Amino acid sequence: MRKKAILYYGSSMRDLIYPMAMELQNKHNYDVILLYSNPFHLPKDGVTEYTNRMGEKYTNEFYQKDFTEVHSIYEIAESSQSQSRSLTEINKIIDNIERDGDVRICDSIRADRHAGMGFVVGADYPDSELSDLGYENTLNLSIDLFQFFNSMVRRLKPSFVFSGQGTLPTHLFSSVAKKYNIPVRSRMVTRLDSKATWAVDFESTPFGFHNSYREKLNSTNVEDIRYTKKILERPLQGQMIQ
């Protein structure tokens with residue numbers, strides 16, 4: 001029986017998603033399911049030429065037909081606008097969703113700079129279709145997204161999911177995976193050249209961070225002690241630790 005993986009496409013993942021999907025399918029016996037938010041961000045089928053920040057041209061290929069399933073979150077959002085739930089019904093559904101503690105709708109809304117604009121002060125964000133929904137409609141959309149992700153994860157039982165950060169759908173998707181103890185991975189850009197590493201949740205925790213930090217705390221090495229002392233003394237100042 002083939003294993004399954006669900007990959008959430010974001011525009012920053014344009015160069016990675018398709019090669020990674022083909023690697024999983026052809027070399028590791030996976031069925032790969034593709035999720036995407038906005039159809040305008042999805043690459044066109046075929047080979048497309050791009051120019052990077054250095055002015056260098058390169059090509060990238062992408063074919064939807066090579067994925068086992070393809071689902072549009074945009075279509076879920078569109079259909080959600082026609083859903084008519086009373087506020088009492090919305091509150092009851094969300095109460096049932098949040099009872100086990102793994103999925104918190106409000107946290108997912110706050111993770112999105114558009115949907116969670118009402119939680120931000122001192123910043124001037126441009127209005128968007130999502131920010132103009134209003135709180136009740138945003139809750140309604142969150143319910144539809146949760147139900148879609150929950151149904152998909154229960155049906156497919158993926159070995160892992162590849163998600164992202166900073167949006168209502170990706171936060172909910174990662175939360176649902178966590179609810180079923182399914183590993184979550186996403187790409188995190190490092191501050192070292194143009195390199196990237198794996199993050200293990202929607203909070204962008206680097207892979208192996210907890211074990212590494214625990215080793216530093218328990219270390220008797222002088223340099224490790226100095227390094228840990230710097231972190232503990234200035235955890236919120238946004239400074240690079242040398």
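Which hand does the crossing of helix 3 and helix 5 have? It's left-handed. Keep in mind that this is a predicted model.

Let's stay with that helix pair for a moment. Helix 3 and helix 5 pack with their axes 10 Å apart, at an angle of about 45°. Since angles under 35 degrees count as roughly parallel and 65 to 115 as roughly perpendicular, that angle makes helix 3 oblique to helix 5. Here's who makes the contact:

| Helix | Residues in the contact |
|---|---|
| Helix 3 | Leu87, Ile90, Ile93, Ile94, Ile97 |
| Helix 5 | Glu136, Leu139, Asn140, Ile143, Phe146, Gln147 |

Sorted by class, the contact of helix 3 with helix 5 comes out as 8 nonpolar, 2 polar and 1 charged residues.

Now for the nonpolar core. The largest one has 32 residues, and the members touching the most others are Ile6, Ile105, Leu145, Phe149 and Phe173. At least two residues of this core come from each of strand 1 (3–9), strand 2 (30–36), helix 2 (73–80), helix 3 (87–98), helix 4 (105–110), helix 5 (135–156) and helix 6 (168–179). Helix 5 gives the largest share, with 9 residues. In soluble globular proteins, nonpolar side chains tend to be buried together.

What does Phe173 touch, leaving aside its neighbours within four places in sequence? Its contacts are Ile6, Tyr8, Leu35, Phe149, Val153, Val161, Phe162 and Ser163. There's also another core lying apart from the largest one; this other core has 19 residues, including Ala5, Met22, Tyr30 and Leu34.

Note on methods: Residues numbered from 1 in each chain as written. Predicted model: local features only at pLDDT ≥ 70, side-chain atom pairs only at ≥ 80, totals over all residues. Heavy atoms only, no water. Core = buried A, V, L, I, M, F, W, Y, C linked by side-chain atoms within 4.5 Å. Buried < 20%, exposed > 50% of the residue type's maximum accessible area, 1.4 Å probe, protein only. Helix = DSSP H or I, 4+ residues; strand = E, 2+ residues; numbered from the N terminus. Contact = heavy atoms within 4.5 Å. Axes fitted to C-alpha atoms, helices over the stretch in contact; angles between N-to-C directions. Parallel < 35°, antiparallel > 145°, perpendicular 65-115°, else oblique. Left-handed = near helix turned anticlockwise from the far one by under 90°. Nonpolar A, V, L, I, M, F, W, Y, C, P; charged D, E, K, R; others polar.
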